[in-house]
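The following note sets out numbered points for a colleague who is examining this structure. Please read each point against the sequence and the model shown here.

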There are 2 protein chains.
Amino acid sequence: MSTATETETETETLHPISGIYLGTTAAKIRKNGKPDLVIIELAEGTRTAATFTTNQFCAAPVTLAKAHLATQAPRALLINAGNANAGTGEQGMLDAQQTCALVAQELGCSPQQILPFSTGVIGQNLPMEKFAAGVPDACANSAIDGWFAASRAIMTTDIVPKTYSKVVDVDGAQVTLTGMSKGSGMIHPNMATMLGFAATDAKISQECLQQALTDAVTKSFNRITVDGDTSTNDACTLSATGQADMPEITEVSSVAYQQFAAAVLEMMTDLAQKIVRDGEGATKFIAVIVEQAHTTEEALKVAHAVALSPLVKTALFASDPNWGRILAAVGRAGVENLDINALEIYLGEYCIVANGGRAASYTEEQGQEVMQQTDIDIRIVLKRGTVDETVWTCDFSYDYVKINAEYRS
Amino acid sequence: MSTATETETETETLHPISGIYLGTTAAKIRKNGKPDLVIIELAEGTRTAATFTTNQFCAAPVTLAKAHLATQAPRALLINAGNANAGTGEQGMLDAQQTCALVAQELGCSPQQILPFSTGVIGQNLPMEKFAAGVPDACANSAIDGWFAASRAIMTTDIVPKTYSKVVDVDGAQVTLTGMSKGSGMIHPNMATMLGFAATDAKISQECLQQALTDAVTKSFNRITVDGDTSTNDACTLSATGQADMPEITEVSSVAYQQFAAAVLEMMTDLAQKIVRDGEGATKFIAVIVEQAHTTEEALKVAHAVALSPLVKTALFASDPNWGRILAAVGRAGVENLDINALEIYLGEYCIVANGGRAASYTEEQGQEVMQQTDIDIRIVLKRGTVDETVWTCDFSYDYVKINAEYRS
């Protein structure tokens, strides 16, 4: 079960990005034989910004992608599903280097111009012979309209592919943004995300591009959580080919930058929320909104305490307005000198907690009404300051346990 | 399902403590009609130490018990199951005061000499007329051998009652310790515990008694976690009647204090572990042992990251040696400058992670062998210092979701 449905996504139009070509193949890295290898070719002159996981056991491809990105502008992204190449030690790094060399040979560039990404089971070595056969295959079918096929090939426990595409106005110029993401479990990004790959034809400096990506990821991928587990392989990229007819964006204070950054934030928020809607076993999409906090840190403390509470998440699954569990989660969030008599908690539009206890106006019928919905807002008004933050999560169902108990079998 | 079984507990001998009398009744506070009200009478001269929850939405009885304990030595503990009297605002406090007045009237003491404790559903007012009838009933059947009946009456989603009893030697004197605990979900104590009530006939100063309790709770109840949710009602008490034939313990440096404190720690560890074994839906008992940490704080960060990971817990439920999830949890624990190439992780006796990846000697068969067991050790050797800490937890099963999705129905 999932709050996401196939049809939503398949009917979307995915605008090609001039200068971006995507090739996909089934290299049999994963057991089920579905497509699992993607190469995204980036035209000369493309600038790429990226964010990566903060998990200290980060995968070999993450370490290598960071190193490559620091040396020169990438000419291709190599992505495989089915094997995370994480926890694989020295051999994992040698394998990741070899995969880059395979792609470089096909494309006639240096291995340092390839960024590798892997997702799947942790702790198994990459099947290198499958890469040797798969890389030429993927390159052979490279196409400018390859986004949808690619978005399916990067899936693991995802039920639906997650894509976004829009043409926006940036200070009078037409700019196209298209992206995809994957992720369903081990979702609690921290300064990075699961896998997200986006591209645009915008003409923008490397500094401005990275700034727009970092800011967008902070407010999108870094605000979702399925199970509190930060992956070893999280990464998100944004490549700009510069092929749109426009002046280069070079100043973050410019109107063009502001409009571009807003468009990037909208894309990343959409891609991030699609991951939550497709969260493992998810039946509900929950926004935990914390208002009037003193700092971002305390707002996120409260939001995560609620969003990660197994008791809150199982109550949401059961459509049980057991608001006491929300109250208990707020109380243990670790906010110093919290005035429990001042704060208010809302379920949907209804106030459930005020004056240190159940709101006088609250009725069980109100709670039931909200709990029947698929999209639910939990809003906590701390009355301590002016900072608002939102975290998105899903409920906790039998299927979460089933999916994760049976993942490797 | 539970790793605890009824027979283990029922056959235990619970030694009475001279000066402690327990009365139990079914006051119909909970729906199923089982006993739910306990009054523990403390003989004159008894000293009581206590620790309480740090949840800021703490329940009215917690606030009142703290206030009463600060004024004079308690003469009775009043405990009810079925209703937590938490999130009940001003009325909750008036109700808690009234329950103390009812007991004080029966026992001929002041209401300030009663410590109230409640456990059960959050956010509903106490049914006061049921207390009015139940309190005299409970007092009427007060008995020195009432421990086992009381341990059953304080249960909520617990499957088995949790008790401990032992006669120990304290610097040549015979001292008896008997205690009970309850708790199964919303278990992640922080400077306190769910409910634990223990008594001893030891002769000990108030300061030494509180010290022994605080130290024991830190290393026992504060080292267990079922679901990461800290309750609004956690409390633990230790009452010493002073009726044993011994000199009063007044110095923490004395042999008698050291022996007494060790006995208290053994009791609290046993009662805390019994809560984990009876964790909601638990099928396995897990010790997460962190060794050679630099500080207690970082040891606990790593231990909790592993012990609370839903991915690790579902893999344990499935008996799947998916050690990559343990590695990923360690990597996101937030320990600064963690050297992933130096640390080692063991599953039971087998090294699973070394040199930044899977240990060369590790085989899937070794992992399967350990995973088939009911009691499993996960040991993480950080190689950064000399601090060792252990946290106990359980796995995450379908039944956890079932129990918590259906709790109020």
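Helices (H or I, at least four residues) and strands (E, at least two) are DSSP runs, numbered from the N terminus. This is a predicted model, in which local features need pLDDT of at least 70 and side-chain atom pairs count only at pLDDT 80 or more, while totals for chains, interfaces and linings use all residues. Residues are numbered from 1 along each chain as its sequence is written, chains are lettered from A and ligands numbered from 1 in the order in which they are written, and side-chain values use heavy atoms, with hydrogens and water left out.

1. Strand 1 of chain B. T25(B) belongs to strand 1 (residues 20–25) of chain B. The residue counts as buried, at 11% relative accessibility; buried means under 20% relative accessible area, exposed over 50%, and partly exposed in between (1.4 Å probe, protein chains only). Contact is defined as heavy atoms within 4.5 Å. With neighbours within four places in sequence left aside, T25(B) is in contact with P35(B), D36(B), L37(B), G134(B), D137(B) and A138(B).

2. Strand 8 of chain B. L195(B) is found in strand 8 (residues 195–200) of chain B and is buried, at 2% relative accessibility. Not counting residues up to four places away in sequence, the residues that L195(B) touches include I79(B), F117(B), M180(B), N233(B) and A235(B). L195(B) and I154(B) lie 41 residues apart in sequence and 8.4 Å apart in space, C-alpha to C-alpha.

3. The interface of chain A and chain B. Each side is counted separately: 57 residues from chain A and 57 residues from chain B take part in the contact. The buried area is about 4,600 Å², with carbon and sulfur atoms giving 58% of it; buried area is the accessible area (1.4 Å probe) that two parts lose on being put together, summed over both. Eight residue pairs are in polar contact across the interface (both at pLDDT 80 or more). A polar contact is a pair of N or O atoms within 3.5 Å; within protein, one must be able to donate a hydrogen and the other to accept it, and residues adjacent in sequence count only if both atoms are side-chain atoms. On the side of chain A that touches chain B, helix 9 (310–317), helix 10 (323–331), strand 13 (357–358) and helix 12 of chain A each supply at least two residues. Helix 10 of chain A gives the largest share of that side, seven residues. By class, the side of chain A that touches chain B has 24 nonpolar, 22 polar and 11 charged residues. Here Ala, Val, Leu, Ile, Met, Phe, Trp, Tyr, Cys and Pro count as nonpolar, Asp, Glu, Lys and Arg as charged, and the others, Gly among them, as polar.

4. Helix 12 of chain A. Which residues of helix 12 (residues 398–405) of chain A are buried? They are Y400(A), V401(A), N404(A) and A405(A). Seen down the helix axis, these buried residues fall within an arc of 120°, so they line one face of helix 12 of chain A; the arc is that of the directions from the helix axis to the C-beta atoms. Their cover includes helix 9 (310–317), helix 10 (323–331) and helix 12 (398–405) of chain B.

5. Helix 11 of chain A. Q366(A), G367(A), V370(A) and M371(A) are the buried residues of helix 11 (residues 364–371) of chain A. They cover an arc of only 130° around the axis, which puts them on the same side of helix 11 of chain A. They pack against helix 9, strand 11 (344–347), strand 12 (350–354) and strand 14 of chain A.

6. Salt bridges. The search of the whole structure finds 20 salt bridges over all chains, a salt bridge being a side-chain nitrogen of Lys or Arg within 4 Å of a carboxyl oxygen of Asp or Glu. Across the interface of chain A and chain B, the rule finds zero. R277(A) and D375(A) form one at 2.7 Å, N to O. R277(A) lies in helix 7 of chain A and D375(A) in strand 14 (residues 375–381) of chain A, so the pair ties together parts 98 residues apart in sequence. D375(A) counts as partly exposed, at 37% relative accessibility.
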